[in-house]
Amino acid sequence: MKILFTGDSITGWSDLSRGIKYSHIVECMIEARSGPGAVQVVNRGIGGNTTADLLGRLEEDVLAARPDLVVMLIGGNDGGKECPREATVTNLDTILNRVKDVCPRVLLLEYHM
């Protein structure tokens, strides 16, 4: 099974010597239960990204990977960069619809601010 994580810096891949991201934790938990190699984790998070940024890189970074499951946490930087709420909603809707065409299993995480 291939699980692709995408979003901003909270998702973004890290050097394990400097910290661990939630995608690493999920990978370790699945492997602890199902064995090494049971899951392929692909992390496509990029610090500072907004929903518009993710939309712009969606084809190459997410859809081309053909994942079995997409885990997405995006939108926090939209608020920080004062993107109009309507634009964020439109971008998320477009992203989700395009992802579901390739991978019907999507876990959308949300920020609570």
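Student: Is D61 buried or exposed?

Tutor: Buried means under 20% relative accessible area, exposed over 50%, and partly exposed in between, with a 1.4 Å probe and protein chains only. D61 has 16% relative accessibility, so D61 counts as buried. Keep in mind that this is a predicted model, where local features need pLDDT of at least 70, side-chain atom pairs count only at pLDDT 80 or more, and totals for chains, interfaces and linings use all residues. Residues are numbered from 1 along each chain as its sequence is written, and side-chain values use heavy atoms, leaving out hydrogens and water.

Student: Where is D61, and which residues is D61 in contact with?

Tutor: D61 belongs to helix α2 (residues 51-61). Helices (H or I, at least four residues) and strands (E, at least two) are DSSP runs, numbered from the N terminus. Contact means heavy atoms within 4.5 Å. Setting aside neighbours within four places in sequence, D61 is in contact with L4, R44 and I46.

Student: Which residues of α4 are buried?

Tutor: An α-helix has 3.6 residues a turn, so residues three or four places apart point the same way. In α4, the buried residues are T88, N91, L92, I95 and V99. Seen down the axis of α4, they fall within an arc of 100 degrees, taken from the directions from the helix axis to the C-beta atoms, so they line one face of the helix. The face turned away from that side carries the exposed residues E86, V89 and D101. The buried residues of α4 pack against α2, β3 (69-73), α3 (76-80) and β4 (106-109).

Student: What is the order of the strands in the sheet?

Tutor: Two strands pair if DSSP finds at least two bridges between them. Here four strands form an open sheet in the order β2-β1-β3-β4, with parallel pairing. Its edge strands are β2 (40-45) and β4, each pairing on one side only. Strand β1 (residues 2-7) pairs with β3 over five bridges, in the parallel sense, and L69 in β3 is the bridge partner of I3.

Student: Which residues touch the most other members of the largest nonpolar core?

Tutor: In soluble globular proteins, nonpolar side chains tend to be buried together. A nonpolar core is a set of buried Ala, Val, Leu, Ile, Met, Phe, Trp, Tyr and Cys residues joined through side-chain atoms within 4.5 Å. The largest one has 14 residues, of which L54, L58, V62, V70, M72, I95 and V99 touch the most other members. The elements giving two or more residues to this core are α2, β3 and α4, and α4 gives the most, with three residues.
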